[in-house]
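Colleague: I'd like to learn how to read a few features off a model like this one. Could you walk me through it?

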Amino acid sequence: MKSLRNSLLFIIFVAATLFSCKTENKKIVKTAAIEFKKEGTLTIRKGDKDSVLTKLNIEIAETEYETQTGLMYRKGMATNEGMLFIFPDVRMHSFYMKNTQFPLDIIYIDENLKIASFQENAKPLDETSLSSIVPVKYVLEVNAGLAEKWILEVGDTVEFTKL
């Protein structure tokens with residue numbers, strides 16, 4: 001009799017707990033898409049010649065927050081767009097693709113605005129470190145495949161202007 005009463009009390013407790021719980025509406029938080037913001041233009045030339053390989057609209061990353069965030073959380077870029085990272089020092093720089101949702105070519109540029117090295121087809125969301133191999137001051141990120149399309153080589157020159 002006592003175990004039946006305990007069982008009934010337990011069932012009443014469980015039922016009361018289940019039916020007294022509030023059901024909350026789950027809120028879906030949508031973040032605004034990060035749009036490209038043209039902050040300058042950049043031209044890549046073949047070696048030291050006047051032969052223009054490409055001209056790009058660029059977004060510039062200079063602050064610590066901008067350089068740490070880069071192109072994270074974005075869906076993509078147009079083929080005539082890129083992000084130029086400007087660092088305060090010349091040193092080895094490494095990048096990774098954490099939270100970057102589309103593949104990139106990463107172009108490392110020395111203090112004399114010459115391409116020093118590049119990493120092609122960096123995989124989205126990959127946290128593998130991609131080193132500049134040599135000390136650099138600038139890094140340009142563009143859509144994957146463009147370095148090959150433009151036939152980039154170490155020694156090609158870059159010039160940019162800020163708006």
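Predicted model: local features only at pLDDT ≥ 70, side-chain atom pairs only at ≥ 80, totals over all residues.

Colleague: Which element gives the most to the lining of the largest pocket?

Modeller: That's α2, with 4 residues. At least two lining residues each come from α2 (64-69), β3 (81-91) and β4 (94-95).

Colleague: F95 was on your list for the largest pocket. How do I read aromatic contacts?

Modeller: A pair of aromatic rings is described by the distance of the centres and the angle of the planes. A search of the whole structure turns up 5 aromatic pairs. One of them is F85 with F95, an edge-to-face pair at 4.9 Å centre to centre and 85° between the planes. F85 sits in strand β3 and F95 in strand β4, so this pair ties together parts that are 10 residues apart in sequence.

Colleague: Are F85 and F95 buried or exposed?

Modeller: Both F85 and F95 are buried. F95 has another partner, too: its ring centre is 6.2 Å from that of Y108 and the planes stand at 75°, so that pair is edge-to-face. Since F95 belongs to strand β4 and Y108 to strand β5, the contact ties together parts 13 residues apart in sequence. F95 and Y108 are both buried. Put together, ring pairs link F85, F87, F95 and Y108 into a cluster.

Colleague: Now the sheet. What should I look at, and in which order do the strands come?

Modeller: Strands of a sheet pair through backbone hydrogen bonds, either parallel or antiparallel. Here 7 strands make an open sheet with mixed pairing, in the order β6-β5-β8-β3-β2-β1-β9. The edges are β6 and β9 (157-162), each of which pairs on one side only. Ignoring direction, neighbouring strands in this sheet are turned by 30° against each other on average.

Colleague: How many bridges join β5 to β8?

Modeller: There are 6 bridges between β5 and strand β8 (residues 136-143), and the two run antiparallel.

Colleague: Last topic: backbone angles. Which phi value does L113 have, and where is L113 found?

Modeller: L113 has a phi near 65°, which is positive in a residue other than glycine. L113 is in the loop between β5 (104-109) and β6 (115-122). Its relative accessibility is 23%, so L113 counts as partly exposed.

Colleague: And what about L125: which phi does it have, and is it buried or exposed?

Modeller: L125 also isn't a glycine, and its phi is positive at about 65°. L125 lies in the loop between β6 and β7 (130-131). With a relative accessible area of 54%, L125 is exposed.

How values were computed. Residues numbered from 1 in each chain as written. Heavy atoms only, no water. 1 Å grid on protein atoms, 1.4 Å probe; cavity = no way out; pocket = protein on both sides within 12 Å on 5 of 7 lines; lining within 4 Å. Buried < 20%, exposed > 50% of the residue type's maximum accessible area, 1.4 Å probe, protein only. Phe/Tyr/Trp six-rings, centres within 6.5 Å; stacked < 30°, edge-to-face > 60°. Pairing = 2+ DSSP bridges. Axes fitted to C-alpha atoms, helices over the stretch in contact; angles between N-to-C directions.
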